[in-house]
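Work through these exercises with the model open beside you. Try each task before you read its solution.

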Amino acid sequence: MNSPCPDFVPEPGRTVTLVPGLRRILAPNPSPMTGAGTNTYLLGTRDLAVIDPGPASRAHLDAIRAALGPGQRISHIFVTHSHLDHSALAGALARDSGAPVFAFGDSTAGRSPFMTRLLAAGLSGGGEGIDRDFAPDRRLCDGESVAGDGWHLRVIHTPGHFGNHIALAWGRHCFTGDHVMGWASSLVSPPDGDLGDFMASCERLRRDDWDCFHPGHGAPVTDPAGRLDWLMAHRRGREAEILRELAAGSASMGDLTRRIYADTPATLLPAAERNVLAHLLDLLRRDKVRMTGPPGSKSRFSITSPRHESGAQ
């Protein structure tokens, strides 16, 4: 799932200029799931937009404050999605700066109807640090534009990693949160993540001509089209692996994870299980597999019989 990023070794708390008008500050929260830490972006020259304020960290709040030069202030705070490593500092930064918080909605916003039904049927989340108390001051709509002092952002709803996930287009640059990263493939963990939505969001981003993606973790992605193609091919390849394994007989998500991710470190296996479950549920929605039992870790999945599949077409 994750690959090392030896060329991305920024210092937490240090402000780095990426291009004129755009700076990055790395939060001090490295982990197997966050890489070197969360990227917080400062956009503008006088009235600044902060994109993904990051985790609840006094040191990171102080670093954002220290990045403000004479005559600068924070006028807008944007959150790409409400995982704690992106959104938890939003409230404190808003109180400190007086700036409103902008996001697609709370942590239930944007969840697909399919996942809503599975949740009602007993599907539980994977516990990936959801900010359940998150509530923006201003809810953004897909396609909406927000302009500030010398900058302009276009909102692109990109559910998949999380239902309320957005990307923010800044000209031919795009802030992609956790949807597209260069150092790792994005976690998709139902019911907050939805693989069908993830693929559709990748395809939507692929239709535009981008110069650079600025992700929530890791270095800038300088070949956006190539990275999107790789992510979609990676998911299609994983689906093919799962179907090959199921051709030998029914299995649970745990069975499949142990076979497919045999060389994955133990610390990452829970996340791998959630990704496998995302594939299985997407296949279920598309009538490629059947599920026995309530949705979750104890469910067993089997390939839909050819007769059943042909009848569904």
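**Exercise 1. A loop residue**

In which loop is Asp-287 found?

Solution. Asp-287 is in the loop between helix H8 (269-285) and strand S13 (289-292). Helices (H or I, at least four residues) and strands (E, at least two) are DSSP runs, numbered from the N terminus. The model is predicted: local features need pLDDT of at least 70, side-chain atom pairs count only at pLDDT 80 or more, and totals for chains, interfaces and linings use all residues. Residues are numbered from 1 along each chain as its sequence is written, and side-chain values use heavy atoms, with hydrogens and water left out.

Now check the backbone. Phi of Asp-287 is near 65 degrees, a positive value in a residue other than glycine. Most residues other than glycine have a negative phi. Next, check the cover. Buried means under 20% relative accessible area, exposed over 50%, and partly exposed in between (1.4 Å probe, protein chains only). Asp-287 has 23%, so it is partly exposed.

**Exercise 2. Another positive phi**

Find where Asp-52 sits, and decide whether Asp-52 is buried or exposed.

Solution. Start with the place: Asp-52 lies in the loop between S4 and H1. Its phi is positive, about 60 degrees, although Asp-52 is not a glycine. Then read the relative accessible area. Asp-52 has 2%, so this residue is buried.

**Exercise 3. Strands S2, S3 and S4**

Trace how S2, S3 and S4 pair.

Solution. Two strands pair if DSSP finds at least two bridges between them.

- Step one: strand S2 (residues 22-26) and S3 run antiparallel, joined by five bridges. Leu-22 has Leu-43 in S3 as its bridge partner.
- Step two: strand S3 (residues 39-43) and S4 also run antiparallel, with three bridges. Here Leu-42 stands opposite Val-50 in S4.
- Step three: S3 and S4 make a hairpin, with three residues between them. Gly-44 in the turn has a positive phi of about 120 degrees.

Now look at the cover on S3. Five of its five residues are buried, so S3 is largely enclosed by the rest of the structure. Asn-39, Tyr-41 and Leu-43 are on one side, Thr-40 and Leu-42 on the other. Both faces are covered.

**Exercise 4. From S4 to S5**

In what sense do S4 and S5 pair?

Solution. S4 and strand S5 (residues 73-78) pair in the parallel sense, over five bridges. Leu-48 stands opposite Ile-74 in S5. Between the two strands, the chain crosses through helix H1 (residues 58-66), and this β-α-β crossover is right-handed. That term applies if, with the strands pointing away from the viewer, the path from the first strand over the helix to the second runs clockwise.

Finish with the cover on S4. Strand S4 (residues 47-51) has five of its five residues buried. Asp-47, Ala-49 and Ile-51 point one way, while Leu-48 and Val-50 point the other way.

**Exercise 5. Cysteines**

How many disulfides does the count give?

Solution. A disulfide is a pair of cysteine sulfur atoms within 2.5 Å. By this rule the count is zero. Take Cys-174: the closest cysteine sulfur, in Cys-212, is 9.9 Å away, which is too far for a bond. Take Cys-202: its nearest cysteine sulfur, that of Cys-174, is 12 Å away. Cys-174 is buried at 0% relative accessibility. Cys-202 is buried as well, with 0%.

**Exercise 6. Around helix H5**

Which residues does Gly-196 touch, not counting residues up to four places away in sequence?

Solution. Gly-196 is in helix H5 (residues 195-206). Contact means heavy atoms within 4.5 Å. Gly-196 touches Asp-282 and Arg-285. At 23% relative accessibility, Gly-196 is partly exposed.

Now step back to the loop between strand S11 (173-177) and H5, where Pro-191 lies. A cis peptide bond joins Pro-190 and Pro-191, with omega about 0 degrees. Most peptide bonds are trans.

**Exercise 7. The whole chain**

What radius of gyration does the protein chain have?

Solution. The radius is taken over C-alpha atoms, and the globule rule is 2.2 Å times the number of residues to the power 0.38. For 313 residues, a compact globule would have a value near 20 Å. The protein chain has 20 Å, which agrees. Buried residues make up 53% of the 313. The chain has nine helices and 14 strands.
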